[in-house]
Amino acid sequence: MENKKFRTALFIHIMLVVMELIGFNYTFGVHDGFKMFIYYTDSSNFLCLIVSAIFTVFMLPALSKGRTSGFVSTYMMQHYKGSSEMPRWISMIRYISTCCLMLTFLVVLFVLGPKKGFEDQLLKGVHPIDHVLAPVLSLLSFLFLETAEPLPKKAPVYAVIPTLIYAVILIAMNAAGLADGPYFFLRVHEQSPVKSVLWTMAILGVNYLVSWLVMKAYNSMKK
């Protein structure tokens, strides 16, 4: 990628790591430790933390132009080789992380915001980070600053997998009485089975659609 764009992308990912660490510290206390992961918001933002950290660690040595000799630097010099593209596996996990964050953003915007109030969902606690800034910054960086080969046509299927895993686990936990929600559409004992299935299909459908749109936008810019 162009050097200026590359540096900007790295700066954004360093920002994301810092912001997500702040958010993780806050939600870890508020939601009683690892129980935070029953929330899709926290799970998707933790994924962003891991992926942005990986992006930073593996792509930063590319700026050194071989002046360092560590394991990661050596790997990057062998695979990056000063080209204008980042490794495909990094672009794929960036894509998946971005799509998960965008699902969080859209559910807040069109489902939770109208139901619980936009002030609560956008401004309370660390929601400016996990509901707004992280999704927007991740998307902008991925589309406009990060260059790699076009994504494969089946990429949206990969992007839906984390959401599908989350849905299966949380629905099962709600059915077994091990969890309460945390979202109203997961409470299987408070609504009919048909409604639960329809909500699940709707969320996964939106996830796939958003992932497909992100893929199309990304690929169109890489031609």
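Biologist: Which helices each supply at least two residues of the lining of the second largest cavity?

Modeller: This is a predicted model, in which local features need pLDDT of at least 70 and side-chain atom pairs count only at pLDDT 80 or more, while totals for chains, interfaces and linings use all residues. Residues are numbered from 1 along each chain as its sequence is written, and side-chain values use heavy atoms, with hydrogens and water left out. A cavity is a set of points, on a 1 Å grid over the protein atoms alone, where a 1.4 Å probe fits but cannot get out, and its lining residues have an atom within 4 Å of a point. Helices are DSSP runs of H or I with at least four residues, numbered from the N terminus, and those that each give at least two residues to this lining are α1, α2 and α6.

Biologist: Which of these helices gives the largest share of that lining, and with how many residues?

Modeller: The lining consists of E20, G23, F24, T27, M36, D42, N45, F46, V126, I129 and D130. By class, five of these residues are nonpolar, three polar and three charged; Ala, Val, Leu, Ile, Met, Phe, Trp, Tyr, Cys and Pro count as nonpolar, Asp, Glu, Lys and Arg as charged, and the others, Gly among them, as polar. The largest share comes from α1, with four residues.

Biologist: What is the volume of the largest cavity?

Modeller: The count comes to two cavities of 30 Å³ or more. A volume is the space filled by probe spheres set on the grid points, which are joined across faces, edges and corners. On this basis the second largest cavity has about 80 Å³, and the largest cavity has about 210 Å³.

Biologist: How many charged residues are there in the lining of the largest cavity?

Modeller: The largest cavity has 17 lining residues, with Y40, Y166, Y183, F185 and I203 nearest its centre. Helix α4 supplies the largest share, five residues. The lining divides into 13 nonpolar and four polar residues, and the number of charged residues is none.

Biologist: Which residues lie closest to the centre of the largest pocket?

Modeller: A pocket is an open set of points with protein on both sides within 12 Å along at least five of seven lines. The largest pocket holds about 370 Å³ of space. Its lining has 19 residues, and the closest to its centre are H31, Y39, Q121, H127 and H131.

Biologist: Is H131 buried or exposed?

Modeller: H131 lies in helix α6. Beyond its neighbours within four places in sequence, H131 is in contact (heavy atoms within 4.5 Å) with T41, T104, F105, V108 and Q121. Buried means under 20% relative accessible area, exposed over 50%, and partly exposed in between, with a 1.4 Å probe and protein chains only. The relative accessible area of H131 is 2%, so H131 is buried.

Biologist: What is the relative accessibility of H13?

Modeller: H13 is found in helix α1. Its contacts, leaving aside neighbours within four places in sequence, are S52, F55, T56, R94, S141 and E146. H13 counts as buried because its relative accessibility is 0%.

Biologist: What distance separates the C-alpha atoms of F184 and L112?

Modeller: F184 lies in the loop between α7 and α8 and is partly exposed, with a relative accessible area of 24%. Leaving aside neighbours within four places in sequence, F184 contacts V111, L112, K115, Q191 and W199. F184 and L112 are 72 residues apart along the chain, and their C-alpha atoms are separated by 9.4 Å.

Biologist: What percentage of the residues in the protein chain are buried?

Modeller: The protein chain has eight helices and zero strands. Of its 223 residues, the buried ones make up 47%.
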